[in-house]
Amino acid sequence: MAFACIGFLSIVGEVGLQSAMPGLSQQASLFTAIVYTGLLLYPAFAGGRRHEPRSPWWRGATAVLGPPLAYLVYFLAAVLAAGYLLYGCAKVKALATTSAPSPQPPLRY
C-alpha cells in the first residue's frame with residue numbers, strides 16, 4: 001500500500017494531477033492504494049466484529065490485476081525505448097555519413 005501511494009504521489013508531484021491521471025500505471029497505483037486502505041480500515045468500520053470482508057474479491061482482484069498491468073507498462077516502456085534507440089542510432093549514422101555544412105562567419109551588426 002505504501003509503494004502504491006508513493007508511486008502515485010511522486011508522479012503527481014512531478015507533473016501535476018491533470019497530467020498524471022491519463023497514465024495507466026498511475027491509475028493502477030491509485031486503485032491499489034484505495035483498495036488496500038479500505039481493507040486496512042475495514043475492521044474499524046465493522047466495529048471489530050470482522051477482520052476481513054466476507055468475500056475476498058477485492059483483495060484477490062487487486063492482486064491478480066496488478067502484475068499484468070506492471071508487465072504491460074514495462075513492455076510499453078521497453079518498446080518505446082527500443083524505438084527511440086533505433087531512431088536515434090539511425091539519425092546519428094545519417095549525420096555521420098553526410099558532410100557537415102561549412103561554418104558560417106559570425107554576423108556583424
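User: Which element gives the largest share of the lining of the largest pocket, and how many residues is that?

Analyst: This is a predicted model. The elements that give two or more residues to the lining of the largest pocket are α3 (24-45) and α4. Of these, the largest share comes from α4, with 7 residues.

User: What is the volume of the largest pocket, and which residues are closest to its centre?

Analyst: The volume of the largest pocket is about 210 Å³. Its lining has 13 residues, and the closest to the centre are A28, S29, T32, G66 and A70.

User: Is T62 buried or exposed?

Analyst: T62 sits in helix α4, which covers residues 57-97. A residue counts as buried under 20% relative accessible area. The value for T62 is 5%, so T62 is buried.

User: Which residues is T62 in contact with, leaving aside its neighbours within four places in sequence?

Analyst: Contact here means heavy atoms within 4.5 Å. With the neighbours within four places in sequence left aside, the contacts of T62 are F31, T32, V35 and Y36.

User: Is L72 buried, partly exposed or exposed?

Analyst: L72 is also placed in helix α4. The relative accessibility of L72 is 37%, so L72 counts as partly exposed.

User: Which residues make the nonpolar surface patch with L72?

Analyst: The patch has an area of about 360 Å². Besides L72, the residues that make this patch are F75, L76 and V79.

Terms used:
Residues are numbered from 1 along each chain as its sequence is written. This is a predicted model: local features need pLDDT of at least 70, side-chain atom pairs count only at pLDDT 80 or more; totals for chains, interfaces and linings use all residues. Side-chain values use heavy atoms; hydrogens and water are left out. Helices (H or I, at least four residues) and strands (E, at least two) are DSSP runs, numbered from the N terminus. Buried means under 20% relative accessible area, exposed over 50%, partly exposed in between (1.4 Å probe, protein chains only). Patches are made of residues with over 30% relative accessible area and no salt bridge: like charges are joined within 9 Å, nonpolar side chains (Val, Leu, Ile, Met, Phe, Trp, Tyr) within 5 Å. Accessible areas come from the Shrake-Rupley method with a 1.4 Å probe; for residues, only the protein chains shown count as cover. A salt bridge is a side-chain nitrogen of Lys or Arg within 4 Å of a carboxyl oxygen of Asp or Glu. On a 1 Å grid over the protein atoms alone, a cavity is a set of points where a 1.4 Å probe fits but cannot get out, and a pocket is an open set with protein on both sides within 12 Å along at least five of seven lines; lining residues have an atom within 4 Å of a point. Grid points are joined across faces, edges and corners, and a volume is the space filled by probe spheres set on the points.
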